[in-house]
Amino acid sequence: MRKRLISQAVPSPGLSDQVWLNLERVASLEVTSEEEGHPVESALRGDEKRGWRAASAGTQTIRLIFDEPQKFTRIWLAFEDMENTRTQEFVLRWSPDTGGSFREIVRQQWNFSQPSAVRETEDYAVELRGVKMLELVIVPDIKGGAARASLRDLRLA
């Protein structure tokens, strides 16, 4: 009898094992609003504990414009809300130019609810080449409530 071992899928690297792109060095940043003490940079550094929060309710946009076209294989997002019960929707999309045309990566809804569903973490394996712009649009409450958008962490590799 001939026998072979079946190789198992290699798990994706953990957050600490991954080499993440230093966004401050390779991109400009645009954001619709930010609360004082919770700037968007704190969600992009990977070492901050507070993350970004919008200054007002309603749809918010975070846009990264890269100096040179980028290649991405992994996108990691974390959202957290310990105060509100709401359904959030976000759209992550990219552009090979500076916004003339967009290609949607994912559209996702998440129900925040205390005490057990206060954190949403998304880890996407992607094959994106020639990315000139990455845009995250967050609708913090699809019912139009007063909740403000927030982002705990955004990492790209």
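A: In this predicted model, the lining of the largest pocket divides into eight charged, five nonpolar and four polar residues. The lining is made up of 17 residues, and those that lie nearest the centre of the pocket are R53, E80, D81, E83 and S150. Two elements give two or more residues to this lining, namely strand 2, which covers residues 52-57, and strand 7, which covers residues 148-151. Of these, strand 7 provides the largest share, with three residues. The volume of the largest pocket comes to about 300 Å³.

Two polar partners can be named for the side chain of R86. The side chain of Q88 is joined to that of R86 by a polar contact of 3.1 Å, while a polar atom of the R86 side chain lies 2.5 Å from the backbone oxygen of P140.

When neighbours within four places in sequence are left aside, the residues in contact with R86 are D81, W110, N111, F112, P140, D141, A147, R148 and S150. Among these contacts of R86 are D81 and S150, and both D81 and S150 are also listed with the residues nearest the centre of the largest pocket.

Technical notes
Residues are numbered from 1 along each chain as its sequence is written. This is a predicted model: local features need pLDDT of at least 70, side-chain atom pairs count only at pLDDT 80 or more; totals for chains, interfaces and linings use all residues. Side-chain values use heavy atoms; hydrogens and water are left out. A polar contact is a pair of N or O atoms within 3.5 Å; within protein, one must be able to donate a hydrogen and the other to accept it, and residues adjacent in sequence count only if both atoms are side-chain atoms. Contact means heavy atoms within 4.5 Å. On a 1 Å grid over the protein atoms alone, a cavity is a set of points where a 1.4 Å probe fits but cannot get out, and a pocket is an open set with protein on both sides within 12 Å along at least five of seven lines; lining residues have an atom within 4 Å of a point. Grid points are joined across faces, edges and corners, and a volume is the space filled by probe spheres set on the points. Helices (H or I, at least four residues) and strands (E, at least two) are DSSP runs, numbered from the N terminus. Ala, Val, Leu, Ile, Met, Phe, Trp, Tyr, Cys and Pro count as nonpolar, Asp, Glu, Lys and Arg as charged, and the others, Gly among them, as polar.
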